Amino acid sequence: MSDSILEKSQQLRIEMEKTLKKNRFDHTLGVAYTAANMAFVFDEDVEKALVAGMLHDCAKCLPHEKQISICNKYHVELTDIELRNQKLIHAKAGMCLAQYKYGITDYYILDAIRYHTTGRPNMTKLDKIIFTADYIEPNRAPLPEIESIRKEALSDIDKAVWHILHNTLTYLESEDFEEDPMTKVTYDFYNDIILGRNTSDL
Ligand SMILES: [Fe+2]
Ligand SMILES: [Fe+2]
């Protein structure tokens, strides 16, 4: 942890307050401070968690066309499903802004921003913290089983990730919404971990 990163997270808080709508800014602070707490619990770099949390939705309030043009400018490829479900694009656009507008060079932080919507198999600890904090932060509207997931988030992070992916896929299927294949691939990865763990307990 370095003082410069701590200063960075404080500067970013000011930037995000200017850039984001009020609800999104409140959510962003909730994610940043939840991620910082999870970093304390899981021995992750707290300042990196703060920075990643502060920036994870930095592109969210931009029009979708602008988010697409940011990805094009920095040669970040968009999938067909992202182009059909444009609310997914803010993760990749956010990664680009984090790097080229806000000066983040740490790929650990950039990856956590990029994968915060779908996750990915074998996530880094910071990926898992941001993915989970995004779901459990205190300003979130009530979600199914949120109380258990909040407890898991501070005791068993793989279980929390699995639980969030399970609930997200259940919700998308029940509403007949198209799911990003990466969400399912990530779920299968963590399902194997949780299942393998249960089997070895027998
Ligand atoms: Fe997001
Ligand atoms: Fe978010």
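This is a predicted model: local features need pLDDT of at least 70, side-chain atom pairs count only at pLDDT 80 or more; totals for chains, interfaces and linings use all residues.
1. The side chains of Glu152 and Lys159 are joined by a salt bridge, with 3.9 Å from N to O. This pair falls inside the limit, because a salt bridge requires a side-chain nitrogen of Lys or Arg within 4 Å of a carboxyl oxygen of Asp or Glu. Glu152 counts as buried, at 12% relative accessibility, whereas Lys159 counts as partly exposed, at 28%.

2. How many salt bridges does the count come to? By the rule used here, the count comes to 13 salt bridges. Side chains of opposite charge can pair when their charged atoms come close. Two further examples are taken up in the next points.

3. One of the salt bridges is found between the side chains of Lys22 and Asp26, with 2.8 Å from N to O. Both residues belong to helix α2, where they are four residues apart, and so about one helical turn separates them. Lys22 is exposed, with a relative accessible area of 60%. Asp26 has a relative accessible area of 26% and is therefore classed as partly exposed.

4. Asp127 and Arg120 form another salt bridge, in which the closest N and O atoms are 2.8 Å apart. Are these two residues buried or exposed? Asp127 is buried, with a relative accessible area of 1%, and Arg120 also counts as buried, at 17% relative accessibility. The cut-off matters for Arg120, because buried means under 20% relative accessible area. The pair is part of a network of salt bridges that links Asp111, Arg120 and Asp127.

5. The metal sites deserve attention next. Which protein residues supply donors to the iron ion (ligand 2)? They are His27 and His56, each through NE2, together with Asp57 and Asp134, each through OD. These donors lie 2.2 to 2.3 Å from the iron ion (ligand 2). Along the chain, the donors of this ion follow the spacing H-x28-H-D-x76-D.

6. Why is the arrangement around the iron ion (ligand 2) irregular? The four donor atoms subtend angles of 83 to 176°, and this makes the arrangement irregular. His27 lies in helix α2, while His56 lies in the loop between α3 (46–55) and α4 (64–73), so the pair ties together parts that are 29 residues apart in sequence. Both His27 and His56 are buried.

7. Which residue coordinates both the iron ion (ligand 1) and the iron ion (ligand 2)? It is Asp57, and the two ions are 3.5 Å apart.

8. Met95 is located in helix α6, which comprises residues 90–100. With a relative accessible area of 10%, Met95 is classed as buried. Its C-alpha atom is separated by 5.6 Å from that of Ile113, although Met95 and Ile113 are 18 residues apart along the chain.

9. The last point concerns the surface. Which residues form a nonpolar patch there? The patch consists of Phe40, Val41 and Leu154, which together have about 290 Å² of accessible area. Phe40 lies in helix α2, residues 22–41. At 55% relative accessibility, Phe40 counts as exposed, because the cut-off for this class is over 50%.

Methods. Residues are numbered from 1 along each chain as its sequence is written. Chains are lettered from A and ligands numbered from 1 in the order in which they are written. Side-chain values use heavy atoms; hydrogens and water are left out. Patches are made of residues with over 30% relative accessible area and no salt bridge: like charges are joined within 9 Å, nonpolar side chains (Val, Leu, Ile, Met, Phe, Trp, Tyr) within 5 Å. Accessible areas come from the Shrake-Rupley method with a 1.4 Å probe; for residues, only the protein chains shown count as cover. Helices (H or I, at least four residues) and strands (E, at least two) are DSSP runs, numbered from the N terminus. Buried means under 20% relative accessible area, exposed over 50%, partly exposed in between (1.4 Å probe, protein chains only). Donors are N, O and S atoms within 2.8 Å of the metal (3.2 Å for Na, K and Ca); water is not among the atoms, so sites may look incomplete. Four donors count as tetrahedral if all angles lie between 85 and 135 degrees; four count as square planar and six as octahedral if opposite donors are over 155 degrees apart and all others between 65 and 115; anything else is irregular.
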